[in-house]
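Please look over the chain shown here before reading on. The report below goes through its fold and its overall dimensions.

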Amino acid sequence: MVDKPDNFDDMMIVYEEAQAVLDEITEPGMSDVEVAFRIFHWARNNIHYIGSSDKSTWVDCAKDGFELYRGDCYTYYACCHALLDVAGIDNMMVERYPVYRSHHYWNLVYLEGQWYHCDSCPSSSHTGYYFMYTDNELGTSNNFDKESEVYPARATESVQRRLNYNTLTISEE
C-alpha cells in the first residue's frame with residue numbers, strides 16, 4: 001500500500017476546482033497557448049490582490065484562491081499552477097532574486113516548445129499581466145537568478161507582436 005501525501009485530499013479538491021474553472025474558460029480543440037492565455041487572464045481578472053496569503057504549500061494557497069478569490073502573488077502563481085497542471089501544460093515556480101522589499105512568485109510555462117515567463121499578478125509597474133515573456137522583457141520586479149540550474153533554458157525571441165490580449169489568441173508568423 002502506498003501512503004498518500006499529507007495534503008493529498010486538499011490537492012484533489014484544488015484540481016477539481018481548477019477543472020471547473022477550465023471547463024468554463026476553455027473549449028475543446030484549443031491549443032496549449034490559447035488555454036494558458038485564458039488561464040492567466042482568468043487569474044488576473046478573478047483574484048483580488050490583498051498582499052498576503054497562506055504560503056505553507058502551493059495547494060493551500062490555491063485552495064484559498066479558488067474559494068476566496070483573493071491573495072498575493074503566491075496565490076496567483078498557485079492557482080495558475082493548478083490550472084496549468086490540470087490542462088496538462090508543464091510549468092514551474094519562479095521566485096524573485098535577489099529579494100528586495102518582498103518576495104515575488106510567478107510561473108515559467110512550456111509553450112510552443114519553449115519556456116516563457118507568465119505572471120498574472122497585478123503590479124504597480126505594469127497595468128496588465130505578463131504572458132509568454134522572455135527574460136529580457138521582464139520588468140525589474142521580476143528579477144530572478146538567471147544562472148540557477150533550477151530553471152531550464154528559456155525562450156529568447158519575443159512573441160508579443162503575435163499576441164492579441166483582446167481575443168486571447170496568438171497568430172502565426
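Which residue in β6 stands opposite Asp119? Asp119 has Tyr130 of β6 across from it.

## Basis of the model

This is a predicted model, in which local features need pLDDT of at least 70 and side-chain atom pairs count only at pLDDT 80 or more, whereas totals for chains, interfaces and linings use all residues. Residues are numbered from 1 along each chain as its sequence is written, and side-chain values use heavy atoms, with hydrogens and water left out.

The protein has 4 helices and 8 strands, taken as DSSP runs numbered from the N terminus (helices H or I, at least four residues; strands E, at least two). An open sheet of 4 strands is ordered β3-β4-β5-β6 with antiparallel pairing, where pairing requires that DSSP finds at least two bridges between two strands. Because β3 (91-95) and β6 (130-133) each have a single partner strand, one side of each is left without a neighbour in the sheet.

Within this sheet, β5 (residues 114-119) pairs with β6 over 2 bridges in the antiparallel sense. Helix α4 (residues 73-87) lies across β3 and β4 (105-111) and runs at about 25° to β4; contact means heavy atoms within 4.5 Å, and angles run from 0 to 180 degrees between N-to-C directions of axes, which are lines fitted to C-alpha atoms, for helices over the stretch in contact.

## Overall dimensions

The C-alpha trace of the protein spans about 50 × 40 × 35 Å along its principal axes. Of the 173 residues, 47% count as buried, that is, under 20% relative accessible area with a 1.4 Å probe, protein chains only.

Conventions: Buried < 20%, exposed > 50% of the residue type's maximum accessible area, 1.4 Å probe, protein only.
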